[in-house]
Amino acid sequence: MKKPVVLCVIDDDDVYQFTITRTLKKTAVSKRILVFSDGEEAIDFFETHLSKADDLPDVVFLDINMPVMDGWDFLEEYVKLKPNLPKPITIYMVSSSVDARDREKARAITEVSDYIVKPLSEDKINDILIELST
Amino acid sequence: MTTQANKNLEISPFGDLDLLDDVGIWEYGVLNDELVWNKGMFAIYGVKSSAFNHSYAEWKNALLPQDVEAAEEAFNRSLTTGTFKYQFRIVHPKQGVRHIKATAVAIKKDGKAVKVVGTNIDVTDYIGDVSQERMIAGTFKAFIEQTPNAVAMFNKDMEYIAASDAWLSDYHITRDVIGRSHYEVFPEIGDDWKAIHRKCLKGHIDVNNEATFVRDDGSIQKLRWHVRPWRHENNEIGGIIMFTEDLTEIHQERRERAKLDEVLLETQSVAKIGAWRVDVIKGKPYWDKITRQIHEVPDDFVPDLEGAMNFYKKGYSRNEVQRMINRAVEHKEPFNFELQLTTYNGKDKWVRSIGKPIVDSSGKVVELSGIFQDIDEQKKKEIENKIIKEQFENAFSHSAIGMALVSIEGKWLKVNNECSNIFGYPKDELLTKTFQELTHEEDLGKDLELLKDTIAGKRSAYRLPKRYYRKDGETIWTMLSVSIVRGASEEPLYFVSQIEDITKRVKYEQSLKKANKDLSLLTDKLSLQNKSLSDFAHITSHNLRSPVSNIVTLQEIYKESESEDEKAEIQDKLFQTTNHLKETLNELIEALIVQDSAGENFEKIALTEVINAVVANFEGIVQKKKADIKLNGNQDLKVLGNKHYIYSVVQNLVSNALKYARPNVPPIINIELIDDGKYAVFKVKDNGLGINLARHGRKLFGLHKTFHRNEDAKGVGLFMVKTQVESMGGTIKVESEPEKGSIFTVQLPKP
């Protein structure tokens, strides 16, 4: 039995939280889902679980526009944290923004694997998960 | 003793010495006044020994009366001083006056003279005729000593007998020379001179009108002299008389004069001034050396009148010469001309001739005489200068830029036409002014500073953009270039100023600058607008897309959902989302309206009124939270804007202040009204949670942001507030620190 994949959603939109969680649950992969409403919540969690690799997510779906600490700020903090992480984390930037500037900005950050425009379709999520297992 | 002496006379006490019968030897006993003479003494004195009474007195009697005193004195001196020599004359019974040379020496006992012994020698033959010599010398002496000329009298041994005062001063000696040999006094006297003296002593008369004499100290004396023998009554040569005249001074003078003449001559050649004259009767010109040189004629050239005039260049010069010569001869008019001639060698040169007519007793002109000068170089320079001056004048007058000569004090000395145009003053009026009068007060300081430096020599010129006032009062911009002209001793004479009217250029530059500035402002505004626009677009896309995408997803889930509970839940969410969407759309539309209607419905609004109304509205919450809202400052402050917007702004800010109070800390809100000139400013200060501006500053006034997980936090408020404030031409900014509260400052234009 494969270890469950830890999926992480960082987004302030509670409706979106609802929908994405549902979509993620429907996938075949064994997983645990972590949900945070803003970057600060997420970073706090990372920091407190640095030693526990199993608790930390494998994949992060990161929203840009969030209160308190937005996606960019989160990434800033994440980069500082990264050297201490016990395992690699794949980060997808997720946004309803089609602004090319955002896309470019995301591309420039090495920690970001890809930029995805909402809504995340089920297929897209599956693709991601499959890619992960390889 | 006397008797014994008498007896022993035949047996002389002098023994064998007695055989020397022309040398007198004597002995005198001081104590007993006894005088013993030898044979020689008797012979000299012409006294028979038998007749001798051996007393001092007897000797004394033998002396020539006028020599007694001297001889006695000498004898007495011998008693005290030892050996001495003296001379006196005696009267010999047969031979007459005889000259005696005597010596004496005292023999002392216990310091006192007891005996004196001595000799007497008849030196008459050696001396010659003493009396005569003395007489002549005496006469001469008086004469010589008094003569203004330098005269000296010598005896045959070239010993000084007498010398005039002039002689003494000429040769820088004193009368002590009397008796001394001339060659001893002047050891530098050469053999040639000595030879002359010897010749003269033999009877030769020597005259030399200029003899050179080198003194001991190396100085040179030039003498005129006359040497001749002088004779006794018996015509025997007694010696020579020398008469000299020191020509050295005269000689010096002459030398100086010669030098002066030379210099003068040279100067004349340098100045190339020659002399000429024309014998009018004979019609013959005479040229001096310089005049000849100027004409460059060979030494054997003889000028004739026509030929002389033909030297002058054909045409004007020649005509003029002829005319002037004629006028001089016929009308006695002197002339002074500067004309051109061609020299013998074919060279052209400018000459000046100044001439005047000389008339005879009948008033007829018999001669013309004058000077002639080569002025070629000067003339050429003069012409050159004239050309340069003309060129300058031309450039000056017709220059396209203003040119002026300005005095050191700043007075306009000379101005060209362009200057007149630039300043709008007619030339003569401009010349009554100084540049300081016309200069713009802001530019005067710098100008004067540079001027001062130029006068002081720290710089030779300067350039300065400056403003002047025209006559009509208008300000003009010019580019001024100033350079200084100095005199021969480097003294400042005047300034040469060039003034270029650059008003147009400056105005153009200024308008360009302004346009640039406007452009910048416009660009800023536009980019601001652009930014806000893109922000707007950004915000709208996100804020609209989010709920829309949610709706889409929810619908999909609903479709797939099998559970009724889940369906209910989804419906709920759908409702929530559509509401959110609606709200967002409203806000956005409102914002658009606000932006669009900027400027419309603006009126004078009293801030105090609005604030009081808003606070009244929040009465309930104020009570609940035990809040304290205070209003300070300029209560009369008014703004120009939209009543609704102002109300909305104030409401939002107060609402936020109340909403974001610190837990369990009653909110204290201070609203301050400030008059800031063109703007009215009001500040809303609270003691609430504050904002981390470092983190959120950028997005503070953006659409739909929240910064606290506060339930009431909507965030859209500040976006709207900013939009509304800016639509009225105002600004909003915030200062805040977490846990320390915030200050929102709104600036709005006054009516």
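This is a predicted model: local features need pLDDT of at least 70, side-chain atom pairs count only at pLDDT 80 or more; totals for chains, interfaces and linings use all residues.
Figure 1. When neighbours within four places in sequence are set aside, E566(B) is in contact with R22(A) and S561(B).

**Figure 2. H99(B) and its polar partner Q87(B).** Strand β4 of chain B, residues 96-109, contains H99(B). With a relative accessible area of 6%, H99(B) is buried. The side chains of H99(B) and Q87(B) are joined by a polar contact of 2.6 Å.

**Figure 3. An aromatic cluster in chain B.** One cluster is formed by W26(B), Y28(B), Y56(B), W59(B), F75(B), Y86(B) and F88(B). Over all chains, the structure holds 32 aromatic pairs. Among them is the tilted pair of Y86(B) and F88(B), with 5.4 Å from centre to centre and 35° between the planes. Y86(B) is buried at 8% relative accessibility, and F88(B) is buried with a relative accessible area of 1%.

**Figure 4. The aromatic pair of W412(B) and F423(B).** The two rings form a tilted pair, with a centre-to-centre distance of 5.4 Å and an angle of 55° between the planes. W412(B) lies in strand β17 of chain B and F423(B) in helix α15 (residues 417-423) of chain B, so the pair ties together parts that are 11 residues apart in sequence. W412(B) and F423(B) are both buried.

**Figure 5. The antiparallel sheet β17-β16-β20-β19-β18 of chain B.** Five strands of chain B make up this open sheet, and their pairing is antiparallel. The edge strands are β17 (412-415) and β18 (461-469) of chain B, each of which pairs on one side only. From one strand to the next, the twist averages 30°. Strand β16 (residues 402-407) of chain B runs antiparallel to β17(B) and is joined to β17(B) by three bridges. Within this pairing, L405(B) has K414(B) of β17(B) as its bridge partner.

Figure 6. Helix α14 (residues 376-398) of chain B lies across β16 and β17 of chain B and runs at about 115° to β16(B). Helix α18 (residues 441-456) of chain B also packs on the sheet, where it touches β18, β19 (475-486) and β20 (492-501) of chain B. The direction of helix α18 makes about 150° with that of β18(B).

**Figure 7. The mixed sheet β22-β24-β25-β27-β26 of chain B.** This open sheet has five strands, and the pairing is mixed. β22 (628-633) and β26 (731-737) of chain B stand at the edges with a single partner strand each, so one side of each is left without a neighbour in the sheet. The twist from one strand to the next averages 15°. Strands β24 (residues 668-676) and β25 (residues 679-685) of chain B run antiparallel and are joined by seven bridges. L673(B) stands opposite F682(B) in β25(B).

**Figure 8. Lysine side chains over aromatic rings in chains A and B.** In chain A, the charged end of K105(A) sits over the ring of W72(A), 4.4 Å from the ring centre. In chain B, K567(B) lies over the face of Y558(B), at 5.8 Å from the centre of that ring.

**Figure 9. Composition of the two chains.** Chain A has five helices and five strands, arranged from the N terminus as β-α-β-α-β-α-β-α-β-α. Of its 134 residues, 54% count as buried. Among contacts in chain A with a separation of 6 or more, 66% involve residues 24 or more positions apart. Chain B contains 25 helices and 27 strands, and 41% of its 751 residues count as buried. For contacts in chain B between residues at least 6 apart in sequence, 50% join residues at least 24 apart.

Terms used
Residues are numbered from 1 along each chain as its sequence is written. Chains are lettered from A and ligands numbered from 1 in the order in which they are written. Side-chain values use heavy atoms; hydrogens and water are left out. Helices (H or I, at least four residues) and strands (E, at least two) are DSSP runs, numbered from the N terminus. Buried means under 20% relative accessible area, exposed over 50%, partly exposed in between (1.4 Å probe, protein chains only). A polar contact is a pair of N or O atoms within 3.5 Å; within protein, one must be able to donate a hydrogen and the other to accept it, and residues adjacent in sequence count only if both atoms are side-chain atoms. Two strands pair if DSSP finds at least two bridges between them. Axes are lines fitted to C-alpha atoms, for helices over the stretch in contact, and angles run from 0 to 180 degrees between N-to-C directions. Contact means heavy atoms within 4.5 Å. Rings of Phe, Tyr and Trp (its six-membered ring) pair if their centres lie within 6.5 Å; planes under 30 degrees apart count as stacked, over 60 as edge-to-face and the rest as tilted. A charge sits over a ring if NZ of Lys or CZ of Arg is within 6 Å of the ring centre and within 35 degrees of the ring normal.
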